[in-house]
Amino acid sequence: LGVAGALRTACIGIPDFAATVLGTGPIVNPDDVCANFVDMAEDHIMGRSDAIGDTLRYNLGKESYQDCDPLKTGMARLFCDVYCVRDAVVRGDRSILENLERATQITQKNTRALFKWSTTEAKSDSTW
């Protein structure tokens, strides 16, 4: 039954009395007054607990809003991964181009040396 039910049960059986002045006046039923008082107290307490519950739900919602949103976090990770892959591709392309340029320079240097040697040998053969 709970506390409210126990108090309502305690209200049963209180005898009625007449609030008379000079023999006339209303008859008061204490059972109803007691039950109404218990109902009023219960409504007040439950209303207060509802307000506390509303406050807790509001605070939870507010904290949840400030927390990490899975969709935002997932998208941030995705774009971070895309950026990192793009950065790796750009660096890789730059490294390949630098190595290709260096290899071309070395090949050109060796080709010049070969032609120089070849012409020098051709001149020396012709002077014999």
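Read along the sequence, the chain follows the pattern α-β-β-α-α. It contains three helices and two strands, taken as DSSP runs numbered from the N terminus (helices are H or I of at least four residues, strands are E of at least two). The radius of gyration of the chain is 48 Å, well over the 14 Å that the globule rule gives for 128 residues, so the chain is more spread out than a compact globule. This radius is taken over C-alpha atoms, and the globule rule is 2.2 Å times the number of residues to the power 0.38. The model is predicted: local features need pLDDT of at least 70, side-chain atom pairs count only at pLDDT 80 or more, and totals for chains, interfaces and linings use all residues. Residues are numbered from 1 along each chain as its sequence is written, and side-chain values use heavy atoms, with hydrogens and water left out.

The overall dimensions were computed next. Along its principal axes, the C-alpha trace spans about 160 × 25 × 10 Å. The accessible surface of the chain comes to about 11400 Å². Carbon and sulfur atoms account for 64% of that surface. Accessible areas come from the Shrake-Rupley method with a 1.4 Å probe, and for residues only the protein chains shown count as cover. Of the 128 residues, 5% count as buried. Buried means under 20% relative accessible area, exposed means over 50%, and partly exposed lies in between (1.4 Å probe, protein chains only). Among contacts between residues at least 6 apart in sequence, 29% join residues at least 24 apart. Contact here means heavy atoms within 4.5 Å.

Helix H1 covers residues 2-11 and includes Cys-11. Cys-11 is buried, at a relative accessible area of 2%. Neighbours within four places in sequence aside, Cys-11 is in contact with Asp-31, Cys-34, Ala-35 and Val-38. Ala-6 is also found in helix H1. Ala-6 is partly exposed, with a relative accessible area of 43%.

Cys-11 and Gln-108 lie 97 residues apart in sequence and 111 Å apart in space, C-alpha to C-alpha. Gln-66 and Ala-19 are 47 residues apart along the chain, and their C-alpha atoms are separated by 61 Å. Gln-66 lies in helix H2, which covers residues 30-66. Gln-66 is exposed, with a relative accessible area of 60%.

Helix H3 covers residues 70-126 and includes Phe-79. Phe-79 is exposed, at 54% relative accessible area. Phe-79 belongs to a nonpolar surface patch with Leu-71, Met-75, Leu-78 and Val-82. Together these residues have about 510 Å² of accessible area. Patches are made of residues with over 30% relative accessible area and no salt bridge; like charges are joined within 9 Å, and nonpolar side chains (Val, Leu, Ile, Met, Phe, Trp, Tyr) within 5 Å.

Side chains of opposite charge can pair when their charged atoms come close. A salt bridge is a side-chain nitrogen of Lys or Arg within 4 Å of a carboxyl oxygen of Asp or Glu. By this rule the count comes to one salt bridge. Arg-91 forms a salt bridge with Asp-87, and the closest N and O atoms are 3.2 Å apart. The two residues are four apart in helix H3, so Arg-91 and Asp-87 are separated by about one helical turn. Arg-91 counts as exposed, at 53% relative accessibility. Asp-87 counts as partly exposed, at 25%.

Cysteine pairing was checked last. A disulfide is a covalent bond between the sulfur atoms of two cysteines. The cut-off applied is a pair of cysteine sulfur atoms within 2.5 Å. The structure holds zero disulfides. Cys-80 is in no disulfide, and its nearest cysteine sulfur, that of Cys-84, is 4.1 Å away. Cys-84 is likewise in no disulfide, with the sulfur of Cys-80 as its nearest, 4.1 Å away. Cys-80 is partly exposed, with a relative accessible area of 42%. Cys-84 is partly exposed, with a relative accessible area of 42%.
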